[in-house]
Amino acid sequence: ILSADIWREYRERGGIRGTLSRMSAVDWGMLLFMVTCLVSTLGSGYPEASWTGFEGRYQGLSMMLAYGGMYWMITRYYEHKDGIWVVFIAAGAAACLLAILQHFGIDALGFYENVSAGQRALFVSTIGNVNFFASYTCMLAPVAMFMYTKAKSWKMRLFYMITGIIIFAGSACSNSDGAILGVGTMAVAMCIWFANRKTSFMRFLEILLAMFLTLIAVVYTTHAAPGAVRLTGVVEELVTDYALPAGAAVVLTARIVIGLFWKKEECRVFRKLILAATIAAVAALGAIMTYVNLVDTKIELGGFTNYLRFSSEWGTLRGREYKAAFTIFENADVWGKLFGCGTDVYGKAFLASMPNAEFYSVSAHCEYLHYVVTLGIAGGAAYLFYAGAIVAVGVRNIKKDAVAAALFASGAYLAEAVIGISQVFTTPIFFCLMAMAAAGARRQDGQNLQVTTPRHGR
């Protein structure tokens, strides 16, 4: 069916020249990514493993081609209905509710019958691994927050508030820092975006406050519940160090002050203030990290500030994973540096490059670094080009709610991917959301999705 549809578009556009001339930047990005995956597989010393991805997280060439096919069909035929988000959020809330029950020692569906007590903290809900579940919840939360802010009826706002609270709690119960990184990044982005109209800004502050209070409640309830799984991630640190309670107080104060004293609907001054504060905070964070990692490496850190200093133990031993990935890349030949060792055969490359290592890994635990090792510089660059084109066209069409919701969800995954893993459980959802964002922009641009302003008045 896919081949027939590609042939149809080829014929309608007048052959190869017409087809290529009407390809968008996003189309080119996906095509280049598919080509680099194919080249990497053909030149790999492990072609069978590269096809299946059995030496990684099952993200071999076969899965990548499936993503390419999904992109084609969605961008050509998808037409958005808000009911899709209702189903997406409702299903996610159900999965998160199961995670919450499991976190507090209630195995509602008997998933833990054959799992040892020591392993139960690492597997949660219907996804399994806590990091995989975190990458799922970090896509759910931005959609719930965005749709609550944009909902036109009180019934839909109530729905997104309730499901959002369940999703926030499930995210905390995943006990993984990835979800907080992804959701936190998009929360800042949405705060900047909504801070130009009073009504939308106040609603966003309401759902943001609900998120802060939910995370605080999960931490203190976990402390009080004897059978609960112990929290060890950044959420615990942010609450016990009073960063989240202070943030909740600030958000609550802002909501009350704006509601009572700001009379105009237009409030662009808040967007400018928040944007300036964000830039200043990022600059300060970069300066502090530079200082503690390069200047004063002996200064004592504690609490969540431990995340500021990079080491082998950083981020639940992710530091050693990153160092191993750099070692594999350094030991690769010219072909390996350009096109990698093969699509998702990281485990093979790890053993070949580091046979005497004290640990074994099938992933770099950073998707971008993982693609550079397995697909080379060409594959990593193609992936960044594709993702960057999606973000660019999404920002250009962000006033369309269908595009914005998919874009914020995709952005959360892209942020989480800094410490995340590409795998078959949640990465397909991410590629689907990216294609949905591109499809929404494509419809708005009259079927010709372009990063630049469309010509001929479309």
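How many positive and how many negative side chains does the protein chain have, and how far apart do the centres of the two sets lie? The legends below take up this question and others, using a predicted model.

**View 1. Charged side chains of the protein chain.** The protein chain carries 37 positive side chains. Its negative side chains number 29. The centres of these two sets lie 13 Å apart.

**View 2. The fold of the protein chain.** The chain holds 19 helices and two strands. Its radius of gyration is 23 Å, close to the 23 Å that the globule rule gives for 458 residues, so the chain is as compact as a globular protein of that length. Along the principal axes, the C-alpha trace spans about 65 × 60 × 50 Å.

View 3. The accessible surface comes to about 21200 Å². Carbon and sulfur atoms supply 67% of that surface. Among contacts with a separation of 6 or more, 74% join residues 24 or more positions apart.

**View 4. Glu-367 in helix 17.** Helix 17 covers residues 367-396, and Glu-367 lies in it. Is Glu-367 buried or exposed? Glu-367 is buried. Yet this residue has no salt bridge. The nearest side chain of opposite charge belongs to Arg-57, 10 Å away.

**View 5. Residues that Glu-367 touches.** Residues up to four places away in sequence are left out here.

Notes:
Residues numbered from 1 in each chain as written. Predicted model: local features only at pLDDT ≥ 70, side-chain atom pairs only at ≥ 80, totals over all residues. Heavy atoms only, no water. Helix = DSSP H or I, 4+ residues; strand = E, 2+ residues; numbered from the N terminus. Buried < 20%, exposed > 50% of the residue type's maximum accessible area, 1.4 Å probe, protein only. Lys, Arg positive; Asp, Glu negative; His and termini not counted. Salt bridge = Lys/Arg side-chain N within 4 Å of Asp/Glu carboxyl O. Contact = heavy atoms within 4.5 Å. Rg over C-alpha atoms; globule rule 2.2 N^0.38 Å. Areas by Shrake-Rupley, 256 points an atom, 1.4 Å probe, with all protein chains shown as cover. Charge placed at Lys NZ, Arg CZ, Asp CG, Glu CD.
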